[in-house]
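Reader: I would like to go through the labels on this model one by one. Tell me what stands behind each.

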Amino acid sequence: MQGWKGRDVVSIRDFSKEDIEYVLNTAERLERELKEKGSLEYAKGKILATLFFEPSTRTRLSFESAMHRLGGSVIGFAEASTSSVKKGESLRDTIKTVEQYSDVIVIRHPKEGAARLAAEVAEIPVINAGDGSNQHPTQTLLDLYTIKREFGKIDGLKIALLGDLKYGRTVHSLSEALSHYDVELYLISPGLLRMPRHIVEELKEKGVKVYETSDLESVIGELDVLYVTRIQKERFPDEQEYLKVKGSYVIDLEILKKAKETLKIMHPLPRVDEIHPSVDSTKHAIYFRQVFSGIPVRMALLALTLGVIE
């Protein structure tokens, strides 16, 4: 297992199963300590810089909350218009500047590969909070943490990814992470939004049982986890293409009549209309508990990359 201090978190592809399990176990430990002590001081005197070139609610706030709960401080910006990028400053120069003020950087950027570039430029750890439609590794780790908490395991589950599988960085990262486990993976989407072929082929090469369909009703009775995603209008180069698939799936009480009693529904949020609010109060809905998982998981990543815990 690669050492953690100073390590960048750019892509879930950089993580072995041992790495993933180490993060999940560290998150569990920190969550337990936080409940016992109320606050921690592992990161006292350390500064996190959050550079969000794209809008974010949960990811940005959970990273800030995680750093504060570790005893550290936070600086940064929530939109590029408030930074020198608006004046024409390059990403490289922004990173080289910000690292002078901080001990770890969290970056979200609309361009694929931006986080990798930031990691190559910076001499301090860089954590990818989402780069275009490419990767979202910390969301993946909190998703795995949520599944493990709910079921006590990941192996042996039947997991479906539903919605925008073409542009959705959360499902790209999650499917790649699940290839380390003994799961059956159902990929459910409109034809226009199928999972990229190279990801599907890699999953099959790793021995994952993959089923692709556009018909949720035909498989919902088989599933342990239904991971729902919104169809992301902002990712479509052509609005007409978006309109063809808008509203393709809506999870409501009627379709859940066909599901197992133990089915758990997840969503990286924000949602638009793909999960009806009436589902929120059912035993199936765990997406708000899923949100909380971001705190211990991001605490673990910050503490490990800063080298304040092992």
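Predicted model: local features only at pLDDT ≥ 70, side-chain atom pairs only at ≥ 80, totals over all residues.

Reader: Why is P270 called partly exposed?

Author: P270 has 37% relative accessibility. Buried means under 20% and exposed means over 50%. The value for P270 lies in between, so P270 counts as partly exposed.

Reader: Where is P270, and what is it in contact with?

Author: P270 is in the loop between β9 and α10. Leaving aside neighbours within four places in sequence, P270 is in contact with R58 and R230.

Reader: Is L269 buried or exposed, and why?

Author: L269 is buried, because its relative accessibility is 14% and the cut-off is under 20%. L269 is found in the loop between β9 (264–266) and α10 (287–306). With neighbours within four places set aside, its contacts are R58, Y287, F288 and V291.

Reader: What makes the backbone at L269 and P270 worth a look?

Author: Two features. The peptide bond from L269 to P270 is cis, with omega near 5°. L269 also has a positive phi of about 60°, although it is not a glycine. Most residues other than glycine have a negative phi, and most peptide bonds are trans.

Reader: Which residues does the "binding site" annotation cover?

Author: The UniProt record, an unreviewed entry, lists R58, T59, R108, H136, Q139, L269 and P270. Such annotations may be inferred rather than shown by experiment.

Reader: Why is D164 called buried?

Author: D164 has a relative accessibility of 1%. Buried means under 20%, so D164 counts as buried. D164 is found in the loop between β5 (158–162) and α6 (169–178).

Reader: How do you know that the side chain of D164 lies within polar contact distance of the backbone of K166 and Y167?

Author: The cut-off is 3.5 Å between N or O atoms. A polar atom of the D164 side chain lies 3.3 Å from the backbone nitrogen of K166. For the backbone nitrogen of Y167, the distance to a polar atom of that side chain is 2.9 Å. Both values are within the cut-off.

Reader: What are the domains, and how far apart are their centres?

Author: Domain 1 takes in 12–135 + 294–306, and domain 2 is 138–291. Their centres, taken over C-alpha atoms, are 25 Å apart. The contact takes 32 residues from domain 1 and 26 residues from domain 2. About 2400 Å² is buried between the domains, with carbon and sulfur atoms giving 52% of it.

Reader: What makes E202 and R13 a salt bridge?

Author: The closest N and O atoms of E202 and R13 are 3.0 Å apart. The limit is 4 Å, so the pair counts as a salt bridge. Between domain 1 and domain 2 the count is 6 salt bridges. There are also 10 residue pairs in polar contact between domain 1 and domain 2, both residues at pLDDT 80 or more.

Reader: Which element gives the most to the side of domain 1 that touches domain 2?

Author: That is α1, with 9 residues. The elements giving two or more residues to that side are α1 (17–37), α2 (58–69), β3 (104–109), β4 (126–131) and α10.

Note on methods: Residues numbered from 1 in each chain as written. Heavy atoms only, no water. Helix = DSSP H or I, 4+ residues; strand = E, 2+ residues; numbered from the N terminus. Buried < 20%, exposed > 50% of the residue type's maximum accessible area, 1.4 Å probe, protein only. Contact = heavy atoms within 4.5 Å. Polar contact = N/O pair within 3.5 Å; in protein donor to acceptor, adjacent residues only side chain to side chain. Domains from an automatic or database assignment. Buried area = accessible area lost by both parts, 1.4 Å probe. Salt bridge = Lys/Arg side-chain N within 4 Å of Asp/Glu carboxyl O.
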